[in-house]
2 protein chains.
Amino acid sequence: MTEQDPTRRVPLTRETVLREAVALADESGTAALSMRGLARRLGIEAMSLYHHVANKDAILDGMVDAVFAEVEAPAIDGDWRSAIRARCSSLRHVLVRHPWAVGLLESRTSPGPETLRHHDRVLGCLRRAGFTIAGAGHAYALLDSYVYGFALQENAVPFDPSGQTPEELAALATAIMADFPRDELPSMAEMTAYALRPGYAFADEFEVGLDVVLDGLDAHRATW
Amino acid sequence: MTEQDPTRRVPLTRETVLREAVALADESGTAALSMRGLARRLGIEAMSLYHHVANKDAILDGMVDAVFAEVEAPAIDGDWRSAIRARCSSLRHVLVRHPWAVGLLESRTSPGPETLRHHDRVLGCLRRAGFTIAGAGHAYALLDSYVYGFALQENAVPFDPSGQTPEELAALATAIMADFPRDELPSMAEMTAYALRPGYAFADEFEVGLDVVLDGLDAHRATW
DNA sequence: ACCTGAACACCGTTCAAGT
DNA sequence: ACCTGAACACCGTTCAAGT
């Protein structure tokens, strides 16, 4: 935030505060997101923030809502399966782009307007697809559990396999397997060796699991 | 931690520190888990903790591993489906009993011994059930994504419907629905009304979704 | 209306000093 | 070996004061 004309600076708004809070968390993690640090980034003193948001909790609420605003709503035309697939894929990408978001969901209890709006679009898509209210409840719980949980695990993967050369991956694999108790943990050893091979990427598991979930939902669409 | 004999107190260990850290987070949340607060609970000064753990991060790592130690490993005899079902149910209960745990998973990168051991038992169960390594990878990613995500959502539900009388629930329902933009969010309004009825509990959705996942895995067991 | 300096009650962690 | 007091560089937030 460099300011060209310090005497006539653009007035601070709630939207600017939230946008920079998201950017700061993206770049430096949620631990670096302090009122003082955010203020510094905005070229302002920490106490000025309290004129635009009630407190830090309100910033976290606003950040989660801003994240939901980025998620593609399901298309209203076309088949429900590809519409829901696209929105789940979009949700996952958003949660990986903002790795702090899924951890924040746990503590936020009052959903914002963008969050409510998004939920409404997804539920509407499921209802139009033929799910009963109860069925839409089952489907939504299953779908979002899967996407949230997958993003949680994906963010916890310690390294990015696509960003490494095959040689680096092989070196990492032997390093990890070296002090690995193969006889005590045979299945883990097997899986670790498998997952460290050049062709494997945890991210690819997403589509596999999502297909299983969508197939299951399709089978229950009429019976639920 | 009341001390009967202050002159001959039981020496502090890493295990005691972790046990009390888990208890403190359970009772007061992760925000209340400070080195000073934990020390106070142990009747000690904050700096003494650094003799038993490297730093606060090591405590968080140890807490996550302690949580995994509580999860029931799948049975080795009997069919894989009920074994995996029981372990997923156990994992969910543990994550609800320790609501801070699922939020911590995101930031922990190096799994502890109990965590590795548990993963090994689950993978072994899947391999014995006939899944290939690739298939076990698909299955495990899907299963844990579902359970983690479900626990995440369950912990975020703002109220416990089972702890309320039908009258309280009805009052809450009308209060929420009163300032709800029905025309803007018709599907959300419909679902909210449905979910606030006396018979509904979000927790019940767990078994429904788990069945869909297990059915899907069973269908792919031979083909993956 | 919008911003800020000083202050309060907290943090995690280091380090030298105690027993 | 185990514990601690003082100190450092941080937190979120309040409040009275500035423009």
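1. Start with one ion pair across the interface. Arg127(A) makes a salt bridge to Glu190(B), with 2.7 Å between the closest N and O atoms. Keep in mind that this is a predicted model. Between chain B and chain A the count comes to 2 salt bridges.

2. Next, polar contacts. Chain B and chain A share 16 residue pairs in polar contact, both residues being at pLDDT 80 or more. On chain B, the elements giving two or more residues to the side that touches chain A are helices H5 (101-105), H6 (113-128), H7 (133-156), H9 (186-195) and H10 (205-220). H7(B) gives the most to that side, with 17 residues. By class, the side of chain B that touches chain A holds 28 nonpolar, 14 polar and 10 charged residues.

3. Now the extent of the interface. Chain A puts 52 residues into the contact, and chain B puts in 52 residues. About 4,300 Å² is buried between chain B and chain A, and 70% of it lies on carbon and sulfur atoms. Which three residues supply more than any other three of the area that chain B buries against chain A? They are Glu106(B), Leu152(B) and Val212(B), and they supply 14% of that area.

4. The axes of H6(A), residues 113-128, and H9(B) come within 7 Å and cross at roughly 85°. From H6(A), the residues in contact are Leu116(A), His119(A), Asp120(A), Leu123(A), Gly124(A) and Arg127(A). They meet Pro186(B), Ser187(B), Met188(B), Glu190(B) and Met191(B) of H9(B). The contact of H6(A) with H9(B) has 5 nonpolar, 3 polar and 3 charged residues.

5. Then take H9(A) with H6(B). H9(A) brings Pro186(A), Ser187(A), Met188(A), Glu190(A) and Met191(A) to the contact. H6(B) answers with Leu116(B), His119(B), Asp120(B), Leu123(B), Gly124(B) and Arg127(B). Here the classes are 5 nonpolar, 3 polar and 3 charged residues.

6. Finally, salt bridges beyond the interface. Over all chains, a search of the whole structure finds 28 salt bridges. One pair within chain A is worth a look. Arg92(A) forms a salt bridge with Glu154(A), and the closest N and O atoms are 2.8 Å apart. Which parts of the chain does the pair link? Arg92(A) sits in H4(A), residues 80-97, and Glu154(A) sits in H7(A), residues 133-156. The two residues are 62 residues apart, so described as linking distant parts of the chain.

Notes: Residues numbered from 1 in each chain as written. Chains lettered and ligands numbered in written order. Predicted model: local features only at pLDDT ≥ 70, side-chain atom pairs only at ≥ 80, totals over all residues. Heavy atoms only, no water. Contact = heavy atoms within 4.5 Å. Buried area = accessible area lost by both parts, 1.4 Å probe. Salt bridge = Lys/Arg side-chain N within 4 Å of Asp/Glu carboxyl O. Polar contact = N/O pair within 3.5 Å; in protein donor to acceptor, adjacent residues only side chain to side chain. Helix = DSSP H or I, 4+ residues; strand = E, 2+ residues; numbered from the N terminus. Nonpolar A, V, L, I, M, F, W, Y, C, P; charged D, E, K, R; others polar. Axes fitted to C-alpha atoms, helices over the stretch in contact; angles between N-to-C directions.
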